[in-house]
Amino acid sequence: MAPRRRKQPETTAAAQAPDDNVRKRRVLTCVTKRKRVADADEAQDSQDGAPLEQAKPKRPRWGRVVGRLASLMEMPMDILFEIFGHLMPLDVLRLARTTKQFRRVLMHRSSLSVWIAARKNVPDLPDCPPYMTESQFANLVFDTHCHECLAPNIRSVDWRIGRRICSKCAKECMVDDYSVFSGESVYKAVPSKYGKRGRPSYYAKDLQEFQRKRASFTNPEERDKFVKGRQALVFEMEKHGALLEAWAANQARDRSDQLDDLRRERKEAIVEKLADLGWGPEIEQIPYRDDLSHHRLVKQPTRLTPRIWANIQGDMIRYMEQMKGQRLERERRALVISRKRIAVSILRAYKTAHLPLTDVMPEPMDFCAIPQVSEILELPTDTQVMEATFAPVVEKMDELVAEWRNRMLSSLVQKVKDSLYSKPKVNYLGEDTHLALVDSVTSIPSADPKGKGKARAVEPPVPDDSEIIQNLSLATTVFNCKCCNSRLGIFFDVYDDDGSEDDLIDPWGFGLSPRRHRVRSNPLFFPKVMGHRCLTKQRGFNWDNPGGDPTKQLDYPMGSRTRWTCQPLQLDEKADKIVANIVTTCGLDPATTTTVQMDQLDPQLACLGCLQWSDEEQDEADASVFGWRAAVIHNNRVHAGRTTVKWKLIDEELVDQVVNVDEEFNTNQTLVSALMLHGLVPGGVNIDPPEEVVWLCAHCLDLPQEKDCMELSKIKTHLSVMHSIQDPQENHDYYQDYEAPQGRKVQHTPQLKVTLTMDRPDDVPGPGERHIHEPWCLGLSGDEVEDEYYDDYLF
């Protein structure tokens, strides 16, 4: 045995080195865990010679954790099934998908009682259909995953085909009937649902399986037996599908009721909280459109807890402050509306006292916008306003109305000035005679003062307003209303600058529209144009008048009142030329003749553009006779606004030869009635003479129920029925519209004709030489012949 080597004592430097290394290692490895005290005690005991116990094995840190319910399967099956029977079907289904042991037990046939007990826990759920197992039925009804792509949260179920399919998979999995028909129909033999346009839609796999099995039978009897069996199965599926659809609808309705109950409880709790803060009276005055149940923080289907209320309290208080501000605005608006009713009554009394109207009057909106009236309407809320408060306004009524008329006239003058500058006119007669309005804005060329450079157009000075006002009274200053033109439809191009024929526009550009003469709106003349209806009333429902403002509301026709505006008006150049032609025919100067002078003269003119040549005499023709206003309308509507139509003034020699066709028709009313009785004349023919549509009701003046102009017989019926006035008086119960005889509606003029003696043109066939359908017999001139009339011409 070798002698034991004696241990040499360590030097001070050697003993210090390990300590330094340990200290350095501790500094570098600060994250190293400290040694447990138990381990240190064990080491000390070992040094002392005490016996060491066996150390316990440590559990792996990331090892498998044994579940606390791991021993659940060791319980007796009857107890286990009793526990499972109190679960819902979806819980049993999820439990079967947790472990293999649970799946082995719950999917076994002996566990059928568990599924049945769980299904009966759902109220009113139909029984499991015979073509499904309990687990399949639970998966269809309660699991929200797509049966194709397993997408979650799929709420729509096709009960009749027994599938839950998302919209994305339905595009690929569902097939329509018309695309799979192959000689033998699969109707009622494969489960289907309603697809596009009511066609049956099939699940592609069911359809393929049916076709494959049906093709496998070679015996026709067996094939028919198979098809009948599938039809019986489909019948059962449809019957159970209808039951499941009804149950699902009831469940959705019950769920909706539950959510409504939660929202109602939340609202009641919030209202109680706000009432404690002093907002109770304010909540009662909130209108329905701003009710608390519509607020995003109130309509949530969750119960109100102290924590939730602490989070939403600030927002709810700000909302209540907003509701308070809106309430004060509504009360202020209602107060102003009540004051406006008093102002409108004062305006109505003023207008009624000035019947018949000889000048344009302000509408309720314009009257309330007058500064003196508006100042009273906007008095503080605590100030009481009565009819006596408007006494200063009543005293200066004439002055206020005159100032308003001057402002409206200035607006019209500016409108005319802008129109003339934006689209200058030229001399329409080709002569020295022209309007001052046109000359004032026509550019004239002039050479450079120094004789150098090209000639350039020199802009004339701005015409004076008084000059424009003076020329507004001329008969050749004709206006046209764009709002009245809109009634004619979108296919009419009323303002056409070129000289082409006025035909119905083909909106699609195929050239398929028939040729028709364009209908134009009525010509409007100053000063009656100031009272045109479209300047103060607009058609269409007024959605911005919920408070029943009497200055805006207009019930008939459905529309609203507006402030006076001349925006719908525009100068009608073609009508200017037509009137100039008519004035010249009357032997007057278009540059100086006013509308009032033409009305006083009241000339009658025969239209030479639509003569009806006699079939008996060589040089005789019947011509229609019109007043000068009716002549303008006739030229616009019959001759499409052409300015080359010739007219003949009916002088003293011809005035006795003018025949009233309407009077001749009235004398034969008995004959017409007999013809109508025997069906030879249509029953809708009105044999009564037409009336002028120019009368308005004085009792409905400036009220919401004010109506449009009516005939005299209708206005009397209105007064009798609506106002119980049996003997109405003119200018007291009814009055004539200021705008008459012009307006939106064409006034009836008696149909007059005269026989003229004049040379028959060479291109007009003589008596007995033309067919009955020849255009001259129909009252058309040569340049107005339609192509369709030539089809029956006898050459």
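The model is predicted: local features need pLDDT of at least 70, side-chain atom pairs count only at pLDDT 80 or more, and totals for chains, interfaces and linings use all residues. Residues are numbered from 1 along each chain as its sequence is written, and side-chain values use heavy atoms, with hydrogens and water left out.

**Charged patches**
- Patch residues have over 30% relative accessible area and no salt bridge, and like charges are joined within 9 Å.
- A salt bridge is a side-chain nitrogen of Lys or Arg within 4 Å of a carboxyl oxygen of Asp or Glu.
- Asp759 sits in the segment after β19 (752–757); strands are DSSP runs (E) of at least two residues, numbered from the N terminus.
- Asp759 counts as exposed because its relative accessibility is 65%; exposed means over 50%, and buried means under 20%, with a 1.4 Å probe and protein chains only.
- A patch of positive charge gathers Lys171, Lys196, Arg197 and Arg199 on the surface.
- Arg197 belongs to the loop between β2 (192–194) and β3 (200–203).
- Arg197 has 78% relative accessibility, so this residue counts as exposed.

**Cysteines**
- The whole structure holds zero disulfides; a disulfide is a pair of cysteine sulfur atoms within 2.5 Å.
- Cys697 is buried, with 7% relative accessible area.
- Cys368 is buried too, at 8%.

How values were computed
Helix = DSSP H or I, 4+ residues; strand = E, 2+ residues; numbered from the N terminus. Patch = residues over 30% accessible without salt bridge, like charges linked within 9 Å, V, L, I, M, F, W, Y side chains within 5 Å. Areas by Shrake-Rupley, 256 points an atom, 1.4 Å probe, with all protein chains shown as cover. Lys, Arg positive; Asp, Glu negative; His and termini not counted. Charge placed at Lys NZ, Arg CZ, Asp CG, Glu CD.
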